[in-house]
Amino acid sequence: SYNINNLEKGMYKIDLFAKEYENGELVGEYNLYSKNIEHKSKNVNLKVGVEDSPENYYIKGLITDSLSKELKLSFFENNPTISLLVLEKSKTIVLDKETPIVIYNTDDINENSDISDGYDIGQYEGELIVSMKLSKIQ
């Protein structure tokens, strides 16, 4: 999971979603979690992330301390060997813009697990990209 800090006080909507690609083509979109939160202080971190269980074929979204329901995906069942890529450096989150936070791909030997500087879709036969979108609503 990630901690987002330095948000202004206010109401925010957080959307976590996944997009599945095969050979660079979008084949599925999944809503993991959507939640409105009140952020009360600039000095408090907001926790956002993903809990996964590839061996049980599911992922869950995490916002603050609340988990979404399991989302079972055939991506994990159909791809027995997957790699996990994550943000390893601090990254500025831009409001109202999709930000990839976790990527699963079908590469069994991944040279670079950091997506902090971006990621090009279509590098592998199968990719599942989990993103977040943070919007201020008040």
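This is a predicted model: local features need pLDDT of at least 70, side-chain atom pairs count only at pLDDT 80 or more; totals for chains, interfaces and linings use all residues.
Local features need pLDDT of at least 70 and side-chain atom pairs count only at pLDDT 80 or more, while totals for chains, interfaces and linings use all residues. Residues are numbered from 1 along each chain as its sequence is written, and side-chain values use heavy atoms, with hydrogens and water left out.

Searching the whole structure turns up two aromatic pairs (rings of Phe, Tyr and Trp, the latter by its six-membered ring, with centres within 6.5 Å; planes under 30 degrees apart are stacked, over 60 edge-to-face, the rest tilted). Phe75 and Phe76 sit edge-to-face, 5.6 Å centre to centre with 80 degrees between the planes. Phe76 also pairs edge-to-face with Tyr104, at 5.1 Å and 85 degrees. Phe76 belongs to helix H1 (residues 74-78) and Tyr104 to strand S9 (residues 99-105), so this pair ties together parts 28 residues apart in sequence. Helices (H or I, at least four residues) and strands (E, at least two) are DSSP runs, numbered from the N terminus. Phe75, Phe76 and Tyr104 make up one aromatic cluster.

As for charged pairs, the whole structure holds three salt bridges (a side-chain nitrogen of Lys or Arg within 4 Å of a carboxyl oxygen of Asp or Glu). One of them joins Glu8 to Lys136, with the closest N and O atoms 3.2 Å apart. Glu8 is exposed at 53% relative accessible area, and Lys136 is partly exposed at 32% (buried is under 20%, exposed over 50%, partly exposed in between; 1.4 Å probe, protein chains only). Lys19 meets Glu98 at 3.3 Å, N to O.
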